[in-house]
Amino acid sequence: MSEHPYLEMSGITKRFAGVTALDSVNFNCELGEIHALVGENGAGKSTLMNLLGGLLTPTEGTIRLDGKRVELPDPNTSYDHGIGFVHQESNLLTNLTVAENMFLSHEILRKGVLDRATMRQKVMEVNERLGYKLDPDAQVGSLKLADQQLTEIARAVLSEPKLLIMDEPTAALSEEEVERLFAILLKLRDQGVGIIYISHRLEEVVHLADRVTVFKDGKNAGELERGDISKDRMITMMVGRTLSDIYPDRSAVTPGEVLLDVKGLRVPGAAEDISFTVRAGEIVGLGGLEGQGQRETVRAIFGDLRYTAGEITVRGQSIAPKQTIGGRIRSGLGYVTHDRRGEGLILHESIRENTSLAALERVISKFHLIKGDEEQRQAQAQAGRLKIKTPSLEQKVGNLSGGNQQKVMLARWLMAGPKVLIVDEPTRGIDVGARMSVYEIIHELTQEGMGIVILTSDMLELIGLSDRILMFYEGHLTAEVPRAEATEERLMQAASGGKKEGSAT
Amino acid sequence: MTERKLAPRNLSQSAKQMVILLGVILLLFAIQGIMRPGSVTVGQAMNISRQASALGVVALGQALVILGGGIDLSVGSMVTLTNVFAVSIMQGKDENILPAVAVCLLLGLLCGVVNGIGVLKLNIAPFVMTLCTMSILQGVYLVYTGGSPSGNVSPWLKQIGNGFLVGPIPYSTVIWLTLALLVWVVLKFTPYGRKLYAVGSNPKAARLCGIRVERIKFSTYILSSLLAVVAGLLASGYIGTTSLSLGNDYINNSLAAVLIGGNAIEGGKGGVWGCVLGAFFMMLLFALLTMLSIGQVGKLIVQGLIIFGVVAGQGVFKKER
């Protein structure tokens, strides 16, 4: 080891229009080590890596590679400096082949024409090096998710990177695929590549990392060396408080009548034989790895996806499979999407207009005209209840922080007045303060007799908030775990296809 | 956790564009006044508004379609088709006006339904689908007339297209502005209007709020075709005869009017009054060009440049944000 680390990021600050995402952060990484980066959603991990990948530029601070100061204004510069980046979400073009994707914008030419034979050959070399077999001519869209990810890694490895950034690479992988990925990462490490590994799965980090840096609210919360790395220590550093402080106390909850009853639901290609109930005053958590059918299940219940079998009953009233989303809203269902910017909010419209959008029929006169003062009053009531920080309801929601945007989403559904509210990723991308108010409002709603369903990929949130947890694996329910028995180990086992335990009530 | 400082609510881009447009209109009047002293009068402005009314009505429909995230290229053919059918059924007699209007409205409805089915059931891009209808309608009126249309506009319709209600105020201007007022009320004060904006801005979000996205979009094509029929009747009354080239300019001009008026081509943004001003502006500009003896060719170039300029301006504005 030389006197200075290979990568040295010091005093890094990044602000976005008034929001400080990173606050004088230091981070370094050696060649030939796996350095894990952990922290809650919004702690600044991805922002830091985007700075390194050239997708963002720091407001303050310096980046040094091998002792020399570098500027990374764009991804190509980072690439030229030997930094490979495997993103959380796939960046592949699904209608191109594996080889075409791997050489995208770095194509090998001979006499101005694509040299397909050489490119194919290079793919096979990478296959050899990493010990897997990707068909260079396979169309990426036809590959399994795990193989698409391998293609991404192969693309990064192709550039012979000194540093490889992996942003939550295992979110969509099965246990077996994760094992295979780890073997590849260890191989790369032993070949002298420095790997920066971002993950929410702490047991993975314990298993894999040589060193861990913990982030909290845009700051370094500490560093652990191999041997000192344990889940408990990481959680304490991440959260800065014990779990019981940020989640509402739900020990006094007594569920009431059944509000939502789902029997034998089949969503083609996504979920099979799903049965569960939601009672008044209860929070039911749907867990599992990404893409195991939990999202499709709730979207089918809400009428956004077609289902070919099963029966859905809301407050004893059966819902016809052909019933529209609007009809289901009138029956008492509500759904807060996980993607509030993409399919939730109308960003250039006001808080008022966004809040009333699912409840316009509640504020019209007998001539079918919107009663402006009534709309204003009801939207104001919800905004006030949710403590949305804004000088005026006429503020465009695009100008609000993530936390306040999420509150607008909740306000919309509170105004619509559902009996069962499904909240998909209740706290994705929002700060800790807003998180706690979201938890608080969900808790309050159940006290008023609403039934809540949450979907979350954050295991701690799932455990902290749910009264009952249903685990999904490959489109099936694999376990129903009551609050008292919910541990990460138990849930992880179910998330990886462990036996179904307990029975759905 | 720092909440960003919230700036006082600025004028929306659409509102800004309307203010600019109003300024440009005044500027054009000023130029005209300098070149031909004494020619700027209420009567002349009213005359422009009379000429603009058919375009203005088409632009209302175009604005609705664009708000919903689509585009309607069949409006011009619909105007000509209306002219050809209405005139041949009327044969210059007032008693034939009801059947003539009824037939034209039915044709409009049919055209709107065909566009709606193509775009929303068969998932054809609005641009392509309405281009097809445009060309089919052209074929229909060419076959129907055998290339030489005949008939006369009835006196009553001539009066509507040309005459004045009181003083210098033309009937057609009143009809145009009444329809604009109606559309404004619908957009501003009804759930339908709110939903249309949501559908054009973020169809996925609209869907998850229980809005029947397809139905709303479908309805815009029907409204657009029906408004084109109304425009065709007004234009027929204005020219008093039948013409196979009557609708030629309406695609470009209606797009120009809508875009100049501050509506965004990608949907979800804009309103009615901007497109009213836009239609007026286009006619004023053409009148000025005619006064300067710039012929048809010049008009076409100016038309293209205006659409280009406005859309490019919107793009630049967006990038700056």
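**Close-up views of a two-chain predicted model**

**View 1. Helix H6 of chain A and the glycine after it.** H6(A) is followed by A:Gly192, which has a positive phi, near 95°. This is a predicted model, in which local features need pLDDT of at least 70, side-chain atom pairs count only at pLDDT 80 or more, and totals for chains, interfaces and linings use all residues. Residues are numbered from 1 along each chain as its sequence is written, while chains are lettered from A and ligands numbered from 1 in the order in which they are written. Helices (H or I, at least four residues) and strands (E, at least two) are DSSP runs, numbered from the N terminus. Helix H6 covers residues 175-190 of chain A, and its 16 residues should span 22 Å at 1.5 Å a residue. The expected span is 1.5 Å times one less than the number of residues. The end C-alpha atoms of H6(A) are 23 Å apart, which agrees.

View 2. Which residues of H6(A) are buried? They include A:Leu181, A:Leu185 and A:Leu188. A residue is buried if 20 or more other C-beta atoms lie within 10 Å of its own, exposed if 12 or fewer, and partly exposed in between, with C-beta atoms placed from the backbone. Seen down the axis of H6(A), the buried residues fall within an arc of 60°, so they line one face of the helix. The arc is that of the directions from the helix axis to the C-beta atoms. An α-helix has 3.6 residues a turn, so residues three or four places apart point the same way. On the other side of H6(A), A:Glu176, A:Glu179 and A:Asp190 are exposed. The cover over the buried residues of H6(A) includes strands E3 (34-39), E9 (163-167) and E10 (194-198) and helices H5 (145-158) and H7 (202-208) of chain A.

**View 3. A six-stranded sheet in chain A.** The strands of this open sheet follow the order E18-E19-E20-E15-E21-E22, and their pairing is mixed. Two strands pair if DSSP finds at least two bridges between them. At the edges are strand E18 (333-336) and strand E22 (476-482) of chain A, each of which pairs on one side only. Neighbouring strands of this sheet are turned by 20° against each other on average, direction ignored. Helix H15 (residues 402-416) of chain A packs on the sheet and touches E18 and E19 of chain A; its direction makes about 175° with that of E18(A). Axes are lines fitted to C-alpha atoms, for helices over the stretch in contact, and angles run from 0 to 180 degrees between N-to-C directions. Two residues are in contact if their C-beta atoms, placed from the backbone, lie within 7 Å.

**View 4. Strand E20 of chain A and its partners.** Strand E19 (residues 420-424) pairs with strand E20 (residues 451-455) of chain A in the parallel sense, over five bridges. Strand E15 (residues 283-287) of chain A also runs parallel to E20(A), joined to it by four bridges. A:Ile422 has A:Val453 as its bridge partner in E20(A). A:Ile452 in E20(A) stands opposite A:Leu421 and also opposite A:Ile283. Five of the five residues of E20(A) are buried, so the strand is largely enclosed by the rest of the structure. A:Gly451, A:Val453 and A:Leu455 point one way, and A:Ile452 and A:Ile454 the other way.

**View 5. Helix H1 of chain A.** Eight of the eight residues of helix H1 (residues 45-52) are buried, so this helix is largely enclosed by the rest of the structure. Among them are A:Lys45, A:Ser46 and A:Asn50. A:Gly54, with a positive phi near 80°, follows H1(A).

View 6. Most residues other than glycine have a negative phi, and most peptide bonds are trans. A:Ser24 is not a glycine, yet its phi is positive, about 35°. A:Ser24 lies in strand E2 (residues 19-29) of chain A and is partly exposed, with 14 other C-beta atoms within 10 Å. A:His368 also has a positive phi, near 70°. A:His368 sits in the loop between helix H13 (351-356) and helix H14 (372-385) of chain A and is exposed, with 12 other C-beta atoms within 10 Å.
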